[in-house]
Amino acid sequence: MHELSIAQSLLDIIIQEVNKNSISKVTWVKLRVGKFTSIEPSCLSFCFELLSKDTPAEGAHLRIESVSIRGKCRNCQEVFEPNDFLFVCPTCSGQDIEIINGRELYIQEIEGD
Ligand SMILES: [Zn+2]
């Protein structure tokens, strides 16, 4: 269950931001999470809720925006969305694929009072 350690890192970053911007309470946090990270959004929200108790982020809502996986064929430069993690170029059947989207995991916005 790697969501727990991810939730902890997110919380650390949020608390840092909170201190920097003198926010007393976080209302919501917008995250971008790539599908390639295999993070389960409901699980991440649950872990975050547990860990954020008694911090300024307690009760904050996570708005998780998932980012589709996109690959780029190194052979013909075709950009495509792989199906079921099958990394084969639909144009030339090449298998030398670079992942250009889907590994994202970052905080886009923090809103608070
Ligand atoms: Zn190709």
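Student: How many aromatic pairs does the count come to by this rule?

Tutor: Rings of Phe, Tyr and Trp (its six-membered ring) pair if their centres lie within 6.5 Å; planes under 30 degrees apart count as stacked, over 60 as edge-to-face and the rest as tilted. By this rule there is 1 aromatic pair. The ring centres of Phe36 and Phe87 are 5.8 Å apart and the planes stand at 80°, so the pair is edge-to-face. This is a predicted model, in which local features need pLDDT of at least 70 and side-chain atom pairs count only at pLDDT 80 or more, while totals for chains, interfaces and linings use all residues. Residues are numbered from 1 along each chain as its sequence is written, and side-chain values use heavy atoms, with hydrogens and water left out.

Student: Are Phe36 and Phe87 buried, partly exposed or exposed?

Tutor: Buried means under 20% relative accessible area, exposed over 50%, and partly exposed in between (1.4 Å probe, protein chains only). Phe36 is partly exposed at 27%, and Phe87 is partly exposed at 21%.

Student: Which residues coordinate the zinc ion?

Tutor: Donors are N, O and S atoms within 2.8 Å of the metal (3.2 Å for Na, K and Ca); water is not among the atoms, so sites may look incomplete. Here the SG atoms of Cys73, Cys76, Cys89 and Cys92 coordinate the zinc ion at 2.3 to 2.4 Å. Along the chain, these donors follow the spacing C-x2-C-x12-C-x2-C. Cys73 is buried, with a relative accessible area of 1%, whereas Cys76 is partly exposed at 32%.

Student: With which residues is Thr37 in contact, leaving aside its neighbours within four places in sequence?

Tutor: Contact means heavy atoms within 4.5 Å. Thr37 is in contact with His2, Gly102, Arg103 and Glu104, and Thr37 is buried, at 17% relative accessible area.
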